[in-house]
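I set out to look up a few local features of this model and kept short notes as I went.

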Amino acid sequence: MATAGIDFASSYRLSIGGELVEAAESFDVYNPATGAVLAKAPAGTVDQLDTAVAAAKAAFPGWSRLSWDEREGYLTRFADALQAQSEELTTLLTLEQGKPRHSMAKGEVEAAIYWVREVAKRRLPREIIEETEQHVVETRSTPLGVVAAITPWNFPVLLGLWKIAPCLITGNTMVMKPSPYTPLCTLRFGEIAQGILPKGVLNIVSGGNELGQHLTAHPDIAKVSFTGSTATGKRVMESGAVNLKRVTLELGGNDPAIVLPDADYKDLIPKLFWAAFGNSGQWCIAIKRLYVHSDIHAAFVKEFVAYARDRKVGDGMDPDTDLGPIQNRMQFDKLKNLFADIAANGYAVPLGGTIDESRAGNFVPVTIVDNPPEQSRIVQEEPFGPVLPIIAYDDIEDVITRANQTPFGLAASVWGRDKAKAYEIASRLEAGTVWVNEIHIHGIDIPFGGHKQSGLGVENGREGLSEYTNTKVVMTAR
Ligand code: NAD
């Protein structure tokens, strides 16, 4: 298949030790908008993974000895090369992931390139923390060694480069394993990197989940940076214990949003809609429970449904599409199961609720569930699809308790005109990020990570950079 001058059927190869390498076997990657095979991806073997780890280990001494400025130079050239191919990467992202090309895919690729360029400028300088007549004490942030990066299928480009940039600028080398559902963009930016970075600094091996498991138990991996589900995150931590690997885990969420009775809710509706349904809800920090005060709940639902009804679900290559398909059949089937539960329990569904299986592709309609019980699956589980419960509440104390009553703690938001009140509520929500009257702002210098079972550690910010290093103390007697 050829689109916009690139041949997606052309061979995708692993990046190992600076070489582009074939695999004996391959697996199919599907276009979720059509259900057709988009391309074949190399199924790397455990032996190839071991070779990649060995290459990263061999590259580590040279790479870690470079100055920060030298490494910044490499990363800036990598960002330039990604920029030069950003149109192709954007198209490929839409074709393998499903998200609309003109909006979500373009935004993801642009943000990812910006991240590489900006993170490359960050530094963790040595600090003198004590200077006495007896001695001088300094702290340094030293690289860990070989890092394994394991990524999911919802934002494969951004989440991949969120790991590569801080890992490499701090002097580590990497072996990355993308999700088997969306390996293509990652394999392509691996290829791009091989023309720029020293051999073995960045290795990309695609294949099944067993490769992820092998990496997390590998004795030559010093750290695992993992983004994915909470269930897999727990397995990563367990197998990483073998050599006390450092782990950063960015996991699932069930983010509450609380709309206070004084909110200008009519103005908020588009913002709240996109915060829940952007990327078709396949977003760790999507609003997944929307609590609206009972004074305004009925009117809010009516207006929200009116806005949502006009959004178009379709092929992400169509410029009129607002929301793309669900990325894979496994997730599509999970949503079917959840929709069956909503129907079986007779919850009010003022919009959507019925999946048309005669349509090719994994399309799920925008679905709103009006005031389901707190203990329902649609409120308690992370749906990871375009379905949102809008729940009425009367009492602020009660809604704070309900918002916090979850094993997750990724993010949350509070919306209201009384800023002091909204801020006070935000202080009591148990989440790694709480937004007040805004949402989904990220920044190079803003740490991001989950509380409770939404994760361990953070990405981004000085703290995120530090997680790719050990703290080393050097004391010198006078
Ligand atoms: P997943 O856990 O199924 O897979 C994630 C990655 O782990 C894939 O690359 C997969 O091949 C690999 N993997 C599978 N089994 C493994 C094992 N035993 N050991 C090591 N690696 C293994 O998650 P997913 O379905 O791809 O992604 C969706 C989930 O990711 C959602 O729960 C979502 O909330 C979460 N997520 C979190 C963030 C965040 O920043 N907190 C961001 C995006 C997605």
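Does asparagine 437 count as buried, partly exposed or exposed, and at what relative accessibility? I find asparagine 437 partly exposed at 29% relative accessibility, where buried means under 20% relative accessible area, exposed over 50% and partly exposed in between, with a 1.4 Å probe and protein chains only.

Before going on, I note that this is a predicted model, in which local features need pLDDT of at least 70 and side-chain atom pairs count only at pLDDT 80 or more, while totals for chains, interfaces and linings use all residues. Residues are numbered from 1 along each chain as its sequence is written, and side-chain values use heavy atoms, with hydrogens and water left out.

Backbone entry. Asparagine 437 is not a glycine, yet I read a positive phi of about 55° for asparagine 437, which sits in the loop between β20 (433–436) and β21 (455–456). Helices (H or I, at least four residues) and strands (E, at least two) are DSSP runs, numbered from the N terminus. Serine 280, also not a glycine, has a positive phi of about 55° and lies in the loop between α9 (265–277) and β15 (287–293). Serine 280 counts as buried because its relative accessibility is 2%.

For α5 (residues 156–169) I checked the length: its 14 residues at 1.5 Å a residue should span 20 Å, and its end C-alpha atoms are 20 Å apart, which agrees; the expected span is 1.5 Å times one less than the number of residues. I also noted that 14 of the 14 residues of α5 are buried, and that glycine 171, whose phi is positive, near 100°, follows α5.
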